[in-house]
Amino acid sequence: MEGPISPLQPSTPTTPLQPPAYSNLITVLSIDGGGIRGLIPGTILGFLEAELQKLDGEDARIADYFDVIAGTSTGGLVTAMLTTPNEKNRPLFAAKDINTFYLDHCPKIFPQSSLPFAYATKIARALAGPKYDGKYLHNIVKEKLGNTRLHETLTNVVIPTFDIKRLQPTIFSSYEVKKTPNLDALLSDICIGTSAAPTYLPAHYFETKDPSGKVREFNLIDGGVAANNPALVAMGEVTKEIMGGTTDFFPIKPMDYGRFLVISLGTGSAKEEEKYNADEAAKWGVLGWLTSGGSTPLVNVFTQASGDMVDYHLSAVFQALHSEKKYLRIQDDTLSGIMSSVDIATKENLDDLVKVGVGLLKKPVSRVNLQTGVFEPSNHETNEEALIRFAKLLSQEKQLRDARSPHGPTVTHRLGIGSISKVLQIGEEANIVDVSSTAMNSKCALNQSSHSNSYSREDLGGDEDEDGDGDDNWFANGRRGVDLGGDEDEAGDEDQGSR
């Protein structure tokens with residue numbers, strides 16, 4: 001039997017995503033760092049966007065469905081590509097264009113020498129400075145992203161970097177920039193900074209000025225040294241917003257992690273290859289830690305460690321909340337040889353990485369074993385099937401927000417007057433949304449700041465909270481476990497994973 005029929009089809013993907021206050025979920029997309037291995041999540045994102053287009057039309061884009069997109073290093077570049085507006089205020093890149101960009105430009109960002117003794121030359125260069133001068137990367141990123149600044153992205157973004165002068169992470173966040181204007185840097189500078197992997201690319205310096213003219217300096221290296229998997233950083237930024245009392249998230253509570261829907265995309269690793277061992281590492285000096293095995297063990301260790309720790313944590317949290325079906329981590333830990341490198345940008349290797357991404361779609365959904373650290377199949381669903389399911393959830397979520405929000409496209413505009421009675425009937429039967437109490441009867445005015453939508457309780461058309469604790473469900477409920485991929489709440493107390 002098919003699931004509930006949504007009364008709000010087709011969706012209107014080109015309209016802004018309404019705030020989570022009008023919804024069941026907070027939607028998060030996270031993309032790991034990994035250099036040229038960005039081709040793997042690029043392939044996955046192309047598939048996800050194609051599924052969204054099947055549901056909502058060819059104009060649908062990834063940025064239309066996520067409250068926040070987070071990316072580190074190469075993932076930060078992908079994040080910027082997906083969220084930078086073009087002249088029509090639509091995403092500069094469709095997801096299908098990401099891999100084309102990588103295939104065209106990676107060989108010039110990471111030029112490979114065919115001369116004799118090339119490996120010895122690389123080692124000598126690594127001792128004298130970064131392997132690559134970064135000039136082509138800087139030029140192409142500045143050319144593509146232009147003068148777009150952090151506050152101008154089409155949805156919220158979170159991009160971690162590390163400030164080598166301050167010796168602390170610097171998080172470029174659409175949420176934080178509203179309170180800290182000196183973070184409003186050019187996206188091109190942010191992307192160059194978060195991609196400046198030690199030993200591979202030079203650190204990046206730039207300055208910003210706040211409205212008062214005060215200058216802030218940034219001395220940035222790759223965000224992967226702090227958070228190669230930025231999913232938890234993104235969730236932390238959202239939690240800070242909720243704690244700050246923003247009405248975009250009302251009445252969601254700071255610890256209501258069951259409301260998150262998270263897609264986290266890895267860039268692959270060589271974990272199964274067991275590339276290094278203690279006997280070998282015990283003999284390494286500075287040169288060994290920087291060049292052994294044709295890669296840079298020191299960089300591999302800290303990026304893999306930070307990424308895995310995030311996945312361990314999120315897997316445990318979502319399991320504890322019985323919300324496993326709202327957390328999807330897609331990662332391949334079977335890479336070997338040059339495929340696990342971040343910079344060997346030969347045509348053959350780049351093509352092989354695309355094939356890895358395509359093959360990963362057919363593999364079963366896997367979750368990290370909290371005891372062994374190994375990815376193990378968790379059910380009979382493939383990554384491809386899971387993404388199709390998530391695409392449906394994302395589409396339904398956007399439709400639900402449009403219906404509940406007085407500022408979304410109206411039901412009458414999308415369906416016509418003659419369809420309203422049918423909408424009401426289907427909506428009530430499916431328990432998706434009480435259209436009559438939201439989209440049809442909204443009488444509030446928009447109280448919008450320059451950077452975010454802000455809605456008061458009165459604006460949202462809700463009832464007063466009788467006991468003053470903010471818990472009253474003054475939206476039409478519509479939180480059915482079957483819709484969210486969670487279990488039905490048999491006791492009726494709303495404490496199951498779908499909350």
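Biologist: In which strand is the place of Ile330?

Modeller: This is a predicted model, in which local features need pLDDT of at least 70 and side-chain atom pairs count only at pLDDT 80 or more, while totals for chains, interfaces and linings use all residues. Residues are numbered from 1 along each chain as its sequence is written, and side-chain values use heavy atoms, with hydrogens and water left out. Helices (H or I, at least four residues) and strands (E, at least two) are DSSP runs numbered from the N terminus, and the run of residues 327–330 that holds Ile330 is strand S8.

Biologist: Does Ile330 count as buried or exposed, and at what relative accessibility?

Modeller: Buried means under 20% relative accessible area, exposed over 50%, and partly exposed in between, with a 1.4 Å probe and protein chains only. Ile330 therefore counts as buried, its relative accessibility being 1%.

Biologist: How far apart in space are Ile330 and Ile44?

Modeller: Leaving out residues up to four places away in sequence, Ile330 touches Ser264, Leu265, Gly266, Leu360, Asn383, Leu387 and Ile44, where contact means heavy atoms within 4.5 Å. Ile330 and Ile44 are 286 residues apart in sequence, yet from C-alpha to C-alpha the distance in space is 8.7 Å.

Biologist: Which residue of S8 is the bridge partner of Val262?

Modeller: Two strands pair if DSSP finds at least two bridges between them. S7 and S8 run parallel and are joined by four bridges. In this pairing, Val262 has as its partner in S8 the residue Tyr327.

Biologist: Why is strand S7 described as largely enclosed, and how many of its residues are buried?

Modeller: In a regular strand the side chains alternate between the two faces of the sheet. In S7, Phe260, Val262 and Ser264 lie on one side and Leu261, Ile263 and Leu265 on the other, and all are buried, so that both faces are covered. The strand, residues 260–265, is largely enclosed by the rest of the structure because the buried count is six of the six.

Biologist: In S7, which residue is the bridge partner of Leu29?

Modeller: Strand S1, residues 26–31, runs parallel to S7 and is joined to it by six bridges. Thr27 stands opposite Leu261 in S7, and the partner of Leu29 is Ile263.

Biologist: Which residue in S2 does Ile31 stand opposite?

Modeller: From S1, Ile26, Val28 and Ser30 point one way and Thr27, Leu29 and Ile31 the other way, all of them buried. S1 also pairs with strand S2, residues 68–71, in the parallel sense over four bridges. Within that pairing, Ile31 stands opposite Gly71.

Biologist: How are helices H8 and H11 oriented to each other?

Modeller: Axes are lines fitted to C-alpha atoms, for helices over the stretch in contact, and angles run from 0 to 180 degrees between N-to-C directions. The axes of H8 (residues 231–243) and H11 (residues 297–320) come within 9 Å and cross at roughly 60°. Angles under 35 degrees count as roughly parallel, over 145 as roughly antiparallel, 65 to 115 as roughly perpendicular and the rest as oblique, and H8 and H11 are therefore oblique.

Biologist: How many nonpolar, polar and charged residues are in the contact of H8 with H11?

Modeller: H8 contributes Ala231, Leu232 and Met235, and H11 contributes Val310, His313, Leu314 and Phe318. Ala, Val, Leu, Ile, Met, Phe, Trp, Tyr, Cys and Pro count as nonpolar, Asp, Glu, Lys and Arg as charged, and the others, Gly among them, as polar. The contact divides into six nonpolar, one polar and no charged.

Biologist: With which residues is His105 in contact, leaving aside its neighbours within four places in sequence?

Modeller: His105 lies in helix H3 and, at 14% relative accessibility, counts as buried. Beyond those neighbours, His105 is in contact with Tyr136, Ile140 and Lys144.

Biologist: How far apart in space are Gly223 and Gly33?

Modeller: Gly223 has its place in the loop between strand S6 (215–221) and helix H7 (224–227), and Gly223 is buried, with a relative accessible area of 0%. Gly223 and Gly33 are 190 residues apart in sequence, and their C-alpha to C-alpha distance is 8.2 Å.
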